[in-house]
Amino acid sequence: MQLLVNCKSCGELSKIPHDEPSRPYLVDKIGTDFIHRCPDCGVSKQYHVNQVIAKKSNIIRYGGTALGLAILVGVTVGFWITGYFTNIGLIIGGGIIAASNFADNNSNEKAFNSYYI
Ligand SMILES: [Zn+2]
């Protein structure tokens, strides 16, 4: 999970160097207000922890998609070579791809984003 703020100067999302699992933990660590310097425009501004947005890290998203595709193709081709056609690979691989991309309903990100101080 990445924690980001929307830069008050240029509007770009920039990552803050913390990975607390929830907003109260973040407050414990950096306080309710903190100074963040945007790496895009270089402007330092004060932000409130409620302005922090949690986002699933790209490593999980792309890693999950890559793993899902590998299983999908691997299992399908594996069975095809042995003379069977099966959609087990499609089900497992597709499930992993879906889980890593869309299954955000109970995720840490959603919990973080819906809880304000
Ligand atoms: Zn900026």
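Predicted model: local features only at pLDDT ≥ 70, side-chain atom pairs only at ≥ 80, totals over all residues.
Along its principal axes, the C-alpha trace spans about 65 × 30 × 20 Å. Of the 117 residues, 13% count as buried. Among contacts with a separation of 6 or more, 60% come from residues 24 or more positions apart.

Attention can now turn to the strands. An open sheet is formed by 3 strands in the order β2-β1-β5, with antiparallel pairing. The edges of this sheet are held by β2 (13-15) and β5 (52-55), each with a single partner strand, so one side of each is left without a neighbour in the sheet. On average, neighbouring strands here are turned by 40 degrees against each other, direction ignored.

Strand β1 (residues 2-6) is joined to β2 by 3 bridges, and the two run antiparallel. Within this pair, Asn 6 stands opposite Leu 13 of β2, while the bridge partner of Leu 4 in β2 is Lys 15. The hairpin of β1 and β2 has 6 residues between the strands, and in this hairpin Gly 11 takes a positive phi near 85 degrees. With β5, strand β1 pairs in the antiparallel sense over 4 bridges; here Leu 3 stands opposite Ala 54 of β5.

Gln 51 has its place in the loop between β4 and β5. Leaving aside neighbours within four places in sequence, Gln 51 is in contact with Val 5 and Asn 6. Gln 51 and Asn 6 are 45 residues apart in sequence, yet their C-alpha atoms are 7.6 Å apart in space. With 14 other C-beta atoms within 10 Å, Gln 51 is partly exposed.

Another pairing involves strands β3 and β4. Strand β3 (residues 33-37) pairs with strand β4 (residues 44-48) in the antiparallel sense over 5 bridges. Across this pair, Asp 33 stands opposite His 48 of β4. The hairpin of β3 and β4 has 6 residues between the strands, and among its residues Gly 42 takes a positive phi near 80 degrees.

The helices complete the tour. Helix α2 has 24 residues and reaches 34 Å from its first C-alpha to its last, close to the 34 Å expected at 1.5 Å a residue. Gly 68, Ile 71 and Leu 72 are buried in α2, and what covers the buried residues of this helix includes α3. After α2 comes Gly 83, whose phi is positive, near 100 degrees.

Helix α3 (residues 88-101) has 14 residues, which at 1.5 Å a residue should span 20 Å; the end C-alpha atoms of α3 are 20 Å apart, in agreement with that expectation. In α3, Gly 89, Gly 93 and Ile 96 are buried. Seen down the axis of α3, these buried residues fall within an arc of 60 degrees, so they line one face of the helix. The partner against which the buried residues of α3 pack is α2 (58-81). Seen from either side, then, the two helices meet: α3 is included in what covers the buried residues of α2, and the buried residues of α3 pack against α2.

Note on methods. Residues numbered from 1 in each chain as written. Pairing = 2+ DSSP bridges. Expected span 1.5 Å × (residues − 1). Buried ≥ 20, exposed ≤ 12 C-beta atoms within 10 Å, placed from the backbone. Arc of directions from axis to C-beta. Contact = placed C-beta atoms within 7 Å. Axes fitted to C-alpha atoms, helices over the stretch in contact; angles between N-to-C directions.
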